[in-house]
Amino acid sequence: MPHTIIEKLWNSHVVEEQPGAPVLLFIDLHLVHEVTSPQAFQGLRERGLRVRRPDLTIATADHSIPTTDRSLPIVDQIAARQLDQLETNCADFGIRCLGVHSSRQGIVHVIGPELGLTQPGMTVVCGDSHTATHGAFGALAFGIGTSEVENVLASQCLLQRKSKTFEVRVEGTLCRGVSAKDIILALIAKIGVGGGTGCVFEYTGSAIRALDMEERMTVCNMSIEGGARGGLIAPDDTTFGYLCGRPHAPKGAAWDAALARWRQLPTDGGAAYDREVTIDAGALEPMITYGTNPGMGMPINAPLPDPAEVSDPMARDSITKALAYMGLEGGKPLAGHSIDVVFIGSCTNSRISDLRAAASVLKGRKVNPKLRVLVVPGSQEVKRQAIAEGLPDIFLAAGCEWRDAGCSMCIAMNGDQLAPGEYSVSTSNRNFEGRQGKGGRTFLASPLTAAASAITGVVTDVRTLL
Amino acid sequence: MKPFTNFRSRLVPLAINNIDTDQIIPARFLKTTTKQGLDRLLFNDWRYDAEGRPRPDFILNQPRVAGAQVLLAGDNFGCGSSREHAPWALTQFGFRAVISTSFADIFTGNSLKNSLLPIAVPPDAHAELFAAVAANPDAAVEIDLAAQTLTTPAGRRVSFPIDAFAKHCLLEGVDELGYILQQEAAIRAYEASHPAPIDTTA
């Protein structure tokens, strides 16, 4: 019987299946960070348990870490305590921690792939909903809560029910100025923030195959914003090319054996999905969100939705409430709307190719002087590479701030935040009320769109600057 | 965990779709390293003004909420992040169940592990409950987990789905980890036949 890659990954990780109970699923890689783990370690202590597989577990500090000078003490004492707690917990339980001062520190979903820890055929979990990022390698990767973090630390297993399979087929060729971020924003606008609930996406089609690994990570990263637990892409030569030579990738004969295994992973011809949707890549335009959830997105030159034209009362209320929070008027254009901040970073768009894309627009130009523009690399490795390529010089010459690696203004836990009422074009993944700072108002877009808007000071279609 | 028992409660209506976990508890409060003290942070940015004073028009600040244990919310409740602080804050405030037409996957899993029952009802029952509580703020529902039924203020019994294993754990007051640790032999057998492709400590 033909199987999808999702089913193959599931089947190869079943430890046990007892009647009446969910499947016990083995986890190949567990990523840990400071925010969702302290209570899990506390739980282990209370039960007198150890970490079963430190060799399959790795920690880093990303969410509450400052992106300013790391040689200075951390000003926020609560954040400092949480970061200390991570180091203590990892030391106590024998887990490798790429902490505040590590040369490998970075956003958890940036460093896993970069170190070659994320590999095809794996199950990957983390106490973070953007874990689907790792699905770009043909891994079954999903976010979990703190109780599940404790379960995995203690047993390396999770109790899970099988998700439905959902094929997202993206065919055609992206136009100039349109990127991976626009594909995923278009998908979420089409199916809504609950559209993939209960499902794992498999992204297929010629437009997906044409993406490089970092672009694939951008797409998979926001699967949760479409409601899906996970989202993945079958591995191919692009995947293998990215992995080859990474610190934790297999070497020599082990590499050949792994390649042979990985080539068996793609979905079999004739395998059926529970659900399907198709997107025409050639018809996509740069996307932007206007509202207070990632499903409230549209092509950048479209008019804002008019609540008066929405028939369902609760849906109408949602749009009315969102537009009121955002200080926008239905029916009007969003392009040209004044902004205060641009944020280039996050687990969605902080990798070297994202920074290169932003730099390609900013090179030789100046950002609008009324704006604050933050460029935040995803990891120390991305930062080093950017420096080697001279990208910080371009950002600084343009008038941007070049900061240290972390989640930063995506989640606004570390002091990098919008002031109440401020507007931001952000390359991150969530535009919920207050997400980037209490009262802050977020337009989600690609690094190209963010860079273009940084120059003009208003929401801008990057194609006018190319 | 205490065994989950049947109960009757008034409803706290929050007629908003897609309530995300950043609204349930904003991220800036996630720097805590314990589970305690989250009740006062529940819906913080809707509940308090810029000076930290309770907004009288927000439902959680109204006297009618005292003692109510069921939140009645719009579609797709709990979307967004994986933070288990969301069900911790809800249960510490006093909620034992949330009613919606649907819930985000991670929120569902997190809630069931914290004795917070996510009750997904069909749209007609959902609308009936909002109408009932609009007509009478003291309108109450009865929740019977064993029977998987919710009885509306009008006396209509509505069935709701729940994972059989999660239901067992809730009714017995036990958590998953105890069960998982009993599967030691199976885990060991799996590990023996599946050499790890990586070593993070290397």
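Which residues in H6(A) meet Glu215(A), Thr218(A) and Val219(A) in H8(A)? They are Ala180(A), Lys181(A), Ile183(A) and Ile184(A).

## The model and its confidence

The structure is a predicted model. For the complex, the predictor reports an ipTM of 0.97 and a pTM of 0.97. In chain B the average pLDDT is 97, and 100% of the residues score at least 70.

## Chain A as a whole

Chain A contains 15 helices and 19 strands. Its C-alpha atoms occupy a box of roughly 55 × 55 × 45 Å along the principal axes. A compact globule of 466 residues would have a radius of gyration near 23 Å, and the 21 Å of chain A agrees with this.

Of the 466 residues in chain A, 61% are buried. Contacts can also be sorted by how far apart the partners are in sequence. Taking contacts in chain A between residues at least 6 apart, 77% join residues at least 24 apart.

## Helices H6 and H8 of chain A

Helix H6 of chain A covers residues 180-191, and helix H8 of chain A covers residues 213-221. Their axes come within 8 Å and cross at roughly 20 degrees. Because of that angle, H6(A) is roughly parallel to H8(A); an angle under 35 degrees counts as roughly parallel. The crossing of H6(A) past H8(A) is right-handed.

H8(A) is mostly covered, with eight of its nine residues buried. These buried residues are Glu214(A), Glu215(A), Arg216(A), Met217(A), Thr218(A), Val219(A), Cys220(A) and Asn221(A). Besides H6, the buried residues of H8(A) pack against helix H4 (108-114), strand E10 (199-204), strand E11 (230-232) and helix H12 (352-362) of chain A.

## Helices H12 and H14 of chain A

H12(A) also packs with helix H14 (residues 391-398) of chain A, at an angle of about 45 degrees and with the axes 10 Å apart. H12(A) and H14(A) are therefore oblique to each other. H12(A) passes H14(A) in a left-handed crossing.

On the H12(A) side, the contact is made by Leu355(A), Arg356(A), Ala359(A) and Leu362(A). On the H14(A) side, Leu391(A), Ile394(A), Phe395(A) and Ala398(A) take part. An α-helix has 3.6 residues a turn, so residues three or four places apart point the same way.

## Chain B as a whole

Chain B has eight helices and seven strands. The C-alpha atoms of chain B fill a box of roughly 60 × 45 × 25 Å along the principal axes. Of its 202 residues, 43% are buried. Among contacts in chain B with a separation of 6 or more, 66% are between residues 24 or more positions apart.

## Where the chains meet

One residue of chain B to look at here is Glu176(B), which lies in helix H7 (residues 176-181) of chain B. Leaving out residues up to four places away in sequence, Glu176(B) touches Asn151(A), Leu159(A), Lys113(B) and Cys169(B). Glu176(B) counts as buried because 24 C-beta neighbours lie inside 10 Å. Phe165(B) is eleven residues from Glu176(B) in sequence, and their C-alpha atoms are 9.1 Å apart in space.

## Two serines with positive phi

Most residues other than glycine have a negative phi. Ser346(A) is not a glycine, yet its phi is positive, at about 90 degrees. Ser346(A) sits in the loop between strand E15 (341-344) and H12 of chain A. With 28 C-beta neighbours inside 10 Å, Ser346(A) counts as buried.

Ser115(B) is not a glycine either, and has a positive phi of about 55 degrees. The place of Ser115(B) is the loop between helix H4 (105-112) and strand E4 (117-120) of chain B. Is Ser115(B) buried or partly exposed? Ser115(B) has 18 C-beta neighbours inside 10 Å, so this residue counts as partly exposed; being buried takes 20 or more.

Note on methods: Residues are numbered from 1 along each chain as its sequence is written. Chains are lettered from A and ligands numbered from 1 in the order in which they are written. This is a predicted model: local features need pLDDT of at least 70, side-chain atom pairs count only at pLDDT 80 or more; totals for chains, interfaces and linings use all residues. pLDDT is the predictor's confidence in each residue, from 0 to 100. Helices (H or I, at least four residues) and strands (E, at least two) are DSSP runs, numbered from the N terminus. The radius of gyration is taken over C-alpha atoms; the globule rule is 2.2 Å times the number of residues to the power 0.38. A residue is buried if 20 or more other C-beta atoms lie within 10 Å of its own, exposed if 12 or fewer, and partly exposed in between; C-beta atoms are placed from the backbone. Two residues are in contact if their C-beta atoms, placed from the backbone, lie within 7 Å. Axes are lines fitted to C-alpha atoms, for helices over the stretch in contact, and angles run from 0 to 180 degrees between N-to-C directions. Angles under 35 degrees count as roughly parallel, over 145 as roughly antiparallel, 65 to 115 as roughly perpendicular and the rest as oblique. A crossing is left-handed if the near helix is turned anticlockwise from the far one by less than a right angle, and right-handed if clockwise.
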